[in-house]
Amino acid sequence: MINLNLLRRSFADKSVSIGAYAVGIAAYAVLILAIWPSLKENLATLQQLWESYPESIRKAFGGENMQFASFDGFLSVEYFSQMWPIIMIAFTVSIATGAIAAEVEKGTMELLLSQPVTRRAVFFTRYLFFLTGLIILIAASVVPVAVGAPLVGGEIGNSALFSIFLPSFLFYTAIGSVTFAFSVLFSSRGRAIFISLGLIIFSYALDILAKINDTFSDFHFLSIFKYWDPYRYLHGPRWAWGDMAVLAAISLLSTAAAVIWFERRDIAV
């Protein structure tokens, strides 16, 4: 089902891009770690500042009971809940929409399918490439923290960093799988990107609203961000098997729908 020649070509075409992403994420991790020593000297003040925020703000950005003046709380707010998701989502949407919609738009998908390769093989090869890139980037995000935390006096166990790997993978795989479905559905990459990003932004806004307003709390389950809580894994670590099951289900259902539609659709359209 996987076409090795196509997989090698995908890595050859995107290896520089993935490498640049990995280096950028690692550099951002080092930057965040470099900030910690100066903050560590004022932990009590930081915690008082955090607790002075309105309850709704604390719920929206990390949880009401989160200890911001701890290294795991600091990482949760400043790293795993801020710029890192933006970088990872940008990679996810770029790869997923480029896998199918971009080639259909350019007319190269017809040429690819004229070769002795099935549509299912094309899809799953591109999907495997996406998953591999995702693993590389998550590793590039976590390894610098594991190595650098002791150097800056950050107290966090390797088990906590290991525990965030799987939920992160499932979270971005779910986003990528939904985006793959849009990539298959539309012949325009731009349309697939805008609809995917629009859905992600809506989901994020719903997550924030559900945390601070009881009117929206009943609809919180509709937001994929409900199932992503880095502090739970870094501070515990506590495995949220139910949340991870939901993310896995989203990935499986979206991927199945994308494969079925890709095999039935007219590529020339």
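Below is a short tour of this structure, starting with the whole chain and ending with single residues.

Keep in mind that this is a predicted model. The chain has 13 helices and zero strands, and buried residues make up 46% of its 269 residues.

**The whole chain**

- Take the contacts between residues with a separation of 6 or more: 76% of them involve residues 24 or more positions apart.
- The chain exposes about 13100 Å², and carbon and sulfur atoms supply 66% of that area.

- Helix H1 covers residues 4–40 and has a kink of about 55° centred on lysine 14.
- Several H1 residues are buried, among them Leu6, Leu7, Ile18, Tyr28 and Trp36.
- Valine 23 also sits in helix H1, but it counts as exposed because its relative accessibility is 56%, where the cut-off for exposed is over 50%.
- Valine 23 and leucine 137 are 114 residues apart in sequence, yet their C-alpha atoms are 8.9 Å apart in space.
- Methionine 1 lies in the segment before H1, and with a relative accessible area of 60% it is exposed.
- Methionine 1 is also part of a nonpolar surface patch of about 370 Å², made together with Ile2, Leu4 and Leu128.

**Salt bridges**

- Side chains of opposite charge can pair when their charged atoms come close.
- Aspartate 13 and arginine 9:
  - Their side chains meet in a salt bridge, with an N to O distance of 3.8 Å.
  - The two residues are separated by about one helical turn, because they are four residues apart in helix H1.
  - Aspartate 13 counts as exposed at 52% relative accessibility, whereas arginine 9 is partly exposed at 38%.
- Aspartate 207 and lysine 211:
  - In this salt bridge, the closest N and O atoms are 3.3 Å apart.
  - Both residues belong to helix H10 (residues 189–212), and being four residues apart there puts about one helical turn between them.
  - Is aspartate 207 buried or exposed? Its relative accessible area is 4%, so aspartate 207 is buried, since buried means under 20%.
  - Lysine 211, on the other hand, is partly exposed at 29% relative accessibility.
- Aspartate 243 and arginine 232:
  - The closest N and O atoms of this salt bridge are 3.8 Å apart.
  - This pair links distant parts of the chain, with aspartate 243 in helix H13 and arginine 232 in helix H12 (residues 230–235), 11 residues apart.
  - Aspartate 243 counts as buried at 14% relative accessibility, while arginine 232 is partly exposed with a relative accessible area of 22%.
- There's a network too: salt bridges that share partners join Arg9, Asp13, Glu103 and Arg126.

**Threonine 255 in helix H13**

- You'll find threonine 255 in helix H13, which spans residues 241–264.
- Threonine 255 counts as buried because its relative accessibility is 10%.
- Which residues does threonine 255 touch, not counting residues up to four places away in sequence? Those neighbours are Phe123, Phe124, Tyr127 and Ser177.
- With serine 177, the link is a polar contact: the two side chains are joined at 3.4 Å.

- Where is alanine 240? Look in the loop between H12 and H13.
- Even in that loop, alanine 240 counts as buried, with 7% relative accessibility.
- Leaving out residues up to four places away in sequence, alanine 240 touches Arg232 and Tyr233.
- Arg232 is the arginine that forms a salt bridge with aspartate 243.
- Alanine 240 and tyrosine 227 are 13 residues apart along the chain, and 8.5 Å separates their C-alpha atoms.

Notes: Residues are numbered from 1 along each chain as its sequence is written. This is a predicted model: local features need pLDDT of at least 70, side-chain atom pairs count only at pLDDT 80 or more; totals for chains, interfaces and linings use all residues. Side-chain values use heavy atoms; hydrogens and water are left out. Buried means under 20% relative accessible area, exposed over 50%, partly exposed in between (1.4 Å probe, protein chains only). Contact means heavy atoms within 4.5 Å. Accessible areas come from the Shrake-Rupley method with a 1.4 Å probe; for residues, only the protein chains shown count as cover. The bend at a residue is the angle between axes fitted to the seven residues ending there and the seven starting there. A polar contact is a pair of N or O atoms within 3.5 Å; within protein, one must be able to donate a hydrogen and the other to accept it, and residues adjacent in sequence count only if both atoms are side-chain atoms. Patches are made of residues with over 30% relative accessible area and no salt bridge: like charges are joined within 9 Å, nonpolar side chains (Val, Leu, Ile, Met, Phe, Trp, Tyr) within 5 Å. A salt bridge is a side-chain nitrogen of Lys or Arg within 4 Å of a carboxyl oxygen of Asp or Glu.
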